[in-house]
Amino acid sequence: QVAISAMPGWRWLLSLTPSAALVCILTILLWRPWQLGRIASSAVSPFAAIPIEGEEGQLRAEARQLPPPTVAPLPSSAPEEIPPSAAAACAPLPAPPDYDYGIFEFPGKFVFNATHLEGLPPDDSAHFWPLLKKLVEGTRGKVVVIGGSVTGGHKCTQTLGGGVPPCPHGSPMHSTCVLEGMACAWPARLEQWLRVAFPRASVVVENIVRYGTPSAEHLGGLVLSMRGHHDADLIIFDTSVNDAITDSGKDHITGAFESLIFNAGHFAPGAGFAAIVGGCKECWVIRDRYLPVLKQHDIPFLDVIDMRNRYGHVEARLWPPSKDRVKDRHPPFSTHQAIADLIAHMIQRVWATTCVKLPRTSAWSFPRLRSPVTSFGLQVCLQTSSAFVAGDNTTSSPTVVSGDWRMYEDRPGKPGWIAQLKGSILKFPLQFDTGSQALLAFTLLRSYQNVSAFKLTIESTGRFTIGNGKWKIQASQSGTQWFHERPRDLLDGIRKPQDALLVEAVEDGKVKVISVLTC
């Protein structure tokens, strides 16, 4: 074989018998077109046979590795191929009412046809992507709810029959068990659906309840409310009922709501947003104040006002109207279940079209807020220098200088430092950041009865202001007053880094302090 291959040109054929030479010639003639066809079809392989003519015209083949093909990047809205395991994880989700309600099961469940509601997200709403990405991967997904007495389940009770163990609020086991408060509210019910819908994932719903707190007052304590929630995937705002009964102007409420969203995004930069517009009689006003913000940032929202207009014949099952203002603002358990099921419906819509896109997120941009629609100039604390929050043992406590100040709940779930006697003084030692302008947020009870005037004094300067928690609205809410380090303001000339705030009851009657924050 070595001798034959060493003969120059074609003369080695002369050494063969005529029949052997004919076989060799036919083999060469048939092999060359086959090899060229093989080269042409080799583009699907990372290796290709490259024909090269040698000096003597002898055909050789050389294999070499080709560079990977250049592929244009997919547009951000194009679906990507996913592995079979991920595709299997994108099976249809259980639809209300056909899922395991667990302890929330009750007869006569009614699910509203929410297909055409105005606030429902488009099929590709990016605000649900951060949560859905975690759930489709089977990891930990976190939902944070920011609200007041509605999300706290005020007036929400559900009797469970048949001795369902255990009682959620820990009471002894009897023939019946009662769900009430936060255990009865819609966030707990939404968590039940999420856990049934995504059994592979770990689902957490954190319900941040601040009773009687509108958006502007939520801002004052947001730095504390969002502690430990920087990993939130979805934040749902349920502040409309309290915003509806505040005495703030339209622009103030719109600006405070938008500022609440932006600042919540600061503390949880990877989260999407959603909102609920409640169904109380006063809530229709808030709907008009929320809509510019929600539409500007494409934030999905559950519009209960719109639902009542569309389904008036069954509104008693949704948000029953009542002449009693307290009951009108705090719906029964069936409303809480309807809200949870409708949010589940919103998530289902997005899941059906975007789940298959989520396992590979390099081509996807998660929700980003657009330019604000308001010029709300309220400065808030992004981190605190000192914090006093009634009922929160992780914060500091003030000192009683004189009188009958003490910390307790005058109503369930609503703690505060309360004084009833004229001349009672409470001292809050304050810390301030020496590198920036000082800011103080003072939050107290506002009500239409049984509240009186108070005096705030800065210890080092003697500067003071007198206020009153009484207002004309037939409701009790928290109210936050903001003070700045600027001329003629309460903090003008304060001593840094330490000073003190004195709170004095200037007449007999209730003064209730809920929190004091500085930065």
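How many bridges join strand β16 to strand β19, and do the two run parallel or antiparallel?

Modeller: This is a predicted model, numbered from 1 along each chain as its sequence is written, with local features needing pLDDT of at least 70, side-chain atom pairs pLDDT 80 or more, and totals for chains, interfaces and linings using all residues. Side-chain values use heavy atoms, leaving out hydrogens and water.

Now your pair: β16 (residues 453-458) and β19 (residues 498-505) run antiparallel and are joined by 5 bridges. For example, F454 has A505 in β19 as its bridge partner. Strands here are DSSP E runs of at least two residues and helices are H or I runs of at least four, numbered from the N terminus; two strands pair if DSSP finds at least two bridges between them.

Zooming out, β16 and β19 belong to an open sheet of 5 strands, ordered β11-β14-β19-β16-β17, with antiparallel pairing. At the edges you'll find β11 (399-402) and β17 (464-468), each pairing on one side only. On average, neighbouring strands in this sheet are turned by 25° against each other, ignoring direction (axes are lines fitted to C-alpha atoms, with angles from 0 to 180 degrees between N-to-C directions).

While you're there, glance at the largest pocket: β20 gives the largest share of its lining, 4 residues.
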